[in-house]
Structure formats: structure tokens, C-alpha cells
Amino acid sequence: MISLDNVSKVYRTKTIETLALSGINLKVETGEFLSIMGPSGCGKSTLLHIMGLLDDPTKGQVFINGLNLDQKNHIALAKFRNHHLGFIFQSFHLINDLNVIDNVEMPLIYRNIGSKQRRLMAEKALEQVSLSNRMSHYPPQLSGGQKQRVAIARAIVANPGIILADEPTGNLDSSMGNEIMDILLRLNKQGTTIVMVTHDDRMAKKTNRLVRLFDGAQVQ
Ligand SMILES: Nc1ncnc2c1ncn2[C@@H]1O[C@H](COP(=O)(O)OP(=O)(O)OP(=O)(O)O)[C@@H](O)[C@H]1O
Ligand SMILES: [Mg+2]
């Protein structure tokens with residue numbers, strides 16, 4: 001389903017080059033729940049962004065559903081992402097000027113789904129993360145864990161085939177973390193392929209497979 005073929009990533013600024021990933025070969029099968037662990041700065045978010053076609057590798061290739069999408073065709077890329085991928089970002093990326101339910105509806109706006117149906121789907125996604133009582137709040141009025149749950153609702157609202165989650169339980173206490181993990185496990189049981197970055201061994205243990213990164217390379 002997702003295949004990374006000898007992927008390397010170098011970040012270049014005027015003064016410095018950072019090798020964030022080097023020679024990653026990784027296959028994620030349909031229906032798999034994979035976790036990625038490793039110390040801060042080892043390239044986990046970079047790897048997830050490349051898997052999610054949000055960033056292009058410096059070297060190597062990425063295939064999703066057998067397709068190797070042209071990074072230069074931005075419209076086709078955005079459309080593909082919108083239909084197939086749900087992304088939970090480490091820093092949430094919520095729109096502060098939109099309230100919670102409008103944030104969750106965002107991915108549906110780019111599809112031909114009527115406004116009533118969109119609202120129903122967003123309400124259902126918010127119910128799943130126990131946030132039905134904060135639909136009219138704006139992101140700055142939410143706690144960190146609540147923002148995280150809005151980001152999760154937005155990622156799952158359109159039932160994507162693949163969810164890429166960057167520390168989805170990182171800002172939550174253990175009971176809310178477990179609830180979020182249960183949601184992801186349930187989605188996975190229903191067939192959603194999930195790749196999750198985590199610092200939490202207990203969460204990783206609940207997934208099918210663990211990949212460890214160190215200094216941009218796969219060590220397990
Ligand atoms: N835009 C960028 N420009 C330059 N260097 C970057 C950029 N983004 C990331 N890096 C560097 O690439 C490396 C990998 O970063 P990445 O965000 O993937 O780490 P991470 O494993 O997700 O860390 P964390 O656990 O702290 O989130 C880091 O050393 C970081 O400093
Ligand atoms: Mg990160």
C-alpha cells in the first residue's frame with residue numbers, strides 16, 4: 001500500500017545541511033498498523049510527511065497504492081491526499097479563525113458532499129473523540145489535548161484508507177490517550193491502514209509492527 005524505496009532527505013538552508021533520513025526502505029501493507037519510534041530529531045515526522053506526500057524525498061521513491069505521484073503536479077497531489085490520506089500533525093495545524101466543527105468539516109469541502117451531510121459527518125467524528133460539547137469553540141479556546149482530538153476528528157472525518165498520525169496521544173493524559181488509541185485500533189479493525197509515530201512503548205505494543213529510527217536510519 002505504501003512503499004518507500006531507498007528514501008533519503010536532506011534539508012538545506014543557506015548555511016547548513018541536515019541529513020534527516022538516509023536510505024529508508026519500508027513497506028506498509030494494506031490493513032497494517034505500524035508504529036514508528038526513535039529519539040527526538042531522528043526523522044520520524046520527516047518520514048511521515050514523505051509518506052503522506054507532503055514533502056518530497058531528496059533521493060528515492062514513494063509509492064502509494066502502486067502510484068508514484070509527480071510531486072510537481074500540486075493539484076493532482078492535493079486531490080489524491082484528500083481522498084486517500086488522513087493526517088494528524090504533531091502541531092495540529094488547526095485553523096484558528098474557524099470553530100471546531102468547521103475545522104473538522106474542512107477535508108469534506110473539497111469533495112462533492114452537501115453541507116447537511118458534511119455537518120452530520122463532522123458531528124459523528126467529534127462524537128468519536130468525545131468533543132461534541134465543544135463544537136462552537138475556536139482552537140485558541142481549547143486545551144492542548146482537545147486540539148489534538150479536533151485534529152484526530154478532522155483526520156478521520158472522510159474515512160480515509162490511510163491515516164498517518166504524528167504522536168496522536170502525545171499531549172493527552174493516559175486515559176484520554178487510551179481512548180484515542182482505541183479509536184485508532186477500531187478504525188484499523190475496520191480496514192484503515194495506520195502509521196503512527198509515538199514515544200509511548202505501551203501504545204506501540206498495541207500495533208502490528210514497530211520500526212525504530214536512529215539518526216535518520218532504520219535500526220529495527
Ligand atoms: N525544515 C527543516 N529545515 C532544516 N532541518 C530540518 C527541517 N525539518 C526538520 N529538520 C531536521 O531534520 C531532523 C529530523 O526532524 P524531524 O522533525 O523529522 O524529527 P522527529 O523525529 O520528528 O523529532 P521529534 O520527536 O522531536 O518530533 C532534525 O534534526 C531536524 O532538526
Ligand atoms: Mg516529530
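Student: By class, how do the residues in the lining of the second largest pocket divide?

Tutor: This is a predicted model. The lining of the second largest pocket has 7 nonpolar, 3 polar and 2 charged residues. Two elements, α4 (115-128) and α6 (174-189), each give two or more residues to that lining. The largest share, 5 residues, comes from α4. Among the lining residues are L120, K124, I183 and R186.

Student: How much space lies in the second largest pocket?

Tutor: About 210 Å³. For the largest pocket the value is about 590 Å³. That pocket is lined by 21 residues, and R81, N82, L85, F89 and P107 are the closest to its centre.

Student: Which elements supply at least two residues each of the lining of the largest pocket?

Tutor: They are α2 (74-84), β5 (85-88), α3 (100-109) and α5 (144-156). Of these, α2 gives the largest share, with 6 residues. By class, the lining of the largest pocket comprises 13 nonpolar, 5 polar and 3 charged residues.

Student: Now a single residue. Is T193 buried or exposed?

Tutor: Burial is read from relative accessible area, with under 20% counted as buried. T193 has 0% relative accessibility, so T193 is buried.

Student: Which residues does T193 touch?

Tutor: Leaving aside residues up to four places away in sequence, T193 touches M1, V28, E29, T30, G31, E32, G161, I162 and I163. With G31 there is also a polar atom pair: a polar side-chain atom of T193 lies 2.9 Å from the backbone nitrogen of G31.

How values were computed
Residues numbered from 1 in each chain as written. Chains lettered and ligands numbered in written order. Predicted model: local features only at pLDDT ≥ 70, side-chain atom pairs only at ≥ 80, totals over all residues. Heavy atoms only, no water. Buried < 20%, exposed > 50% of the residue type's maximum accessible area, 1.4 Å probe, protein only. Polar contact = N/O pair within 3.5 Å; in protein donor to acceptor, adjacent residues only side chain to side chain. Contact = heavy atoms within 4.5 Å. 1 Å grid on protein atoms, 1.4 Å probe; cavity = no way out; pocket = protein on both sides within 12 Å on 5 of 7 lines; lining within 4 Å. Points joined across faces, edges and corners; volume = space filled by probe spheres on them. Helix = DSSP H or I, 4+ residues; strand = E, 2+ residues; numbered from the N terminus. Nonpolar A, V, L, I, M, F, W, Y, C, P; charged D, E, K, R; others polar.
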